[in-house]
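Subject: Structure handover

Hello,

Here is the structure for you to look through. My notes on what I found follow below it.

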Amino acid sequence: MGIETAVTTVHWNYFLAIERDLEILSRYVDFNEKNFACFSIEIARIILAASAEVDVVCKQICQATDASSDAKSIDAYRTNISSAIPDISSFVVLLPRFGLRLRPWDRWGSDNGVPMWWTAYNKIKHHRHLHYHQANLKNALNAVAGLFVVTLYLYKDKAASGQLSPS
């Protein structure tokens, strides 16, 4: 793999790094709905990293689908991306190893829907001292699932042709 290939999939590689952090976390916290309220510093770090990357990837998707787009907020992303990916709100991410089904963008199906994990991300980022408990497993899993969905869309051509590694 040359430098050009690595650079053109930088967001995929970043997703894989965050996914690896989540996999390591699974050794210490069982990914089970009974543990969804579990919160920690490590979970906060995963939410912050995944959500910040969602912000970057969503901006790129908006630019790719509309070169004049100046989308800079989750609401602006929703308007632009929902047009490009009409079924994003019903996209299901399966975690078969844990028996979980996540719909990280389900709230984008409504007019004013902001994903619950995005709201948690902003509260953790700006007011962690008040909202630390929102750095929980449920929000982390959905933030990483949300990142997976938009990153796959960003690289949909490479994904369809088997050029993402690992696929």
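Ser40 sits in the loop that links helix 2 (10-25) to helix 3. Helices here are DSSP runs of H or I with at least four residues, strands are runs of E with at least two, and both are numbered from the N terminus. The model is predicted, so local features need a pLDDT of at least 70 and side-chain atom pairs count only at pLDDT 80 or more, while totals for chains, interfaces and linings use all residues. Residues are numbered from 1 along each chain as its sequence is written, and side-chain values use heavy atoms, leaving out hydrogens and water.

Buried means under 20% relative accessible area, exposed means over 50%, and partly exposed is in between (1.4 Å probe, protein chains only).

The side chain of Ser40 reaches the backbone nitrogen of Glu42 at 3.4 Å. That is a polar contact: a pair of N or O atoms within 3.5 Å, where, within protein, one must be able to donate a hydrogen and the other to accept it, and residues adjacent in sequence count only if both atoms are side-chain atoms. Ser40 also touches Tyr132 and Ala135, leaving out residues up to four places away in sequence. Contact means heavy atoms within 4.5 Å. Between Ser40 and Gln134 there are 94 residues in sequence, but 9.3 Å in space, C-alpha to C-alpha.

**Confidence**

The chain has an average pLDDT of 92, and 94% of its residues score at least 70. pLDDT is the predictor's confidence in each residue, from 0 to 100. Confidence is lowest in helix 1 (residues 3-8), with a mean of 49, and highest in strand 2 (residues 100-102), at 98. Over residues 1-6 the pLDDT is below 50, and this stretch has two contacts in the model beyond near neighbours in sequence.

**The core**

The largest nonpolar core has 50 residues, and Ile81, Trp105 and Leu141 touch the most other members. Such a core is a set of buried Ala, Val, Leu, Ile, Met, Phe, Trp, Tyr and Cys residues joined through side-chain atoms within 4.5 Å. Helix 3 gives the largest share, eleven residues. The contacts of Trp105 include Val54, Cys58, Ile74 and Trp117.

**Helix 4**

Ile74, Tyr77, Arg78, Asn80 and Ile81 are buried in helix 4. Their cover includes helix 3 (41-65) and helix 5 (116-131). Arg78 counts as buried because its relative accessibility is 11%. Its side chain makes a polar contact of 2.9 Å with that of Asp75.

**Cysteines and Thr151**

How many disulfides are there? The count is zero, a disulfide being a pair of cysteine sulfur atoms within 2.5 Å. The sulfur of Cys58 has its closest cysteine sulfur in Cys62, 6.5 Å away, so the two are too far apart for a bond. Cys58 is buried at 0% relative accessibility, and Cys62 is buried at 1%.

Thr151 is in helix 6 and is buried at 0% relative accessibility. Thr151 and Cys58 lie 93 residues apart in sequence and 8.6 Å apart in space, C-alpha to C-alpha. Thr151 is in contact with His11, Trp12, Phe15 and Val57, leaving aside neighbours within four places in sequence. A polar atom of its side chain is 2.7 Å from the backbone oxygen of Leu147.

Best wishes
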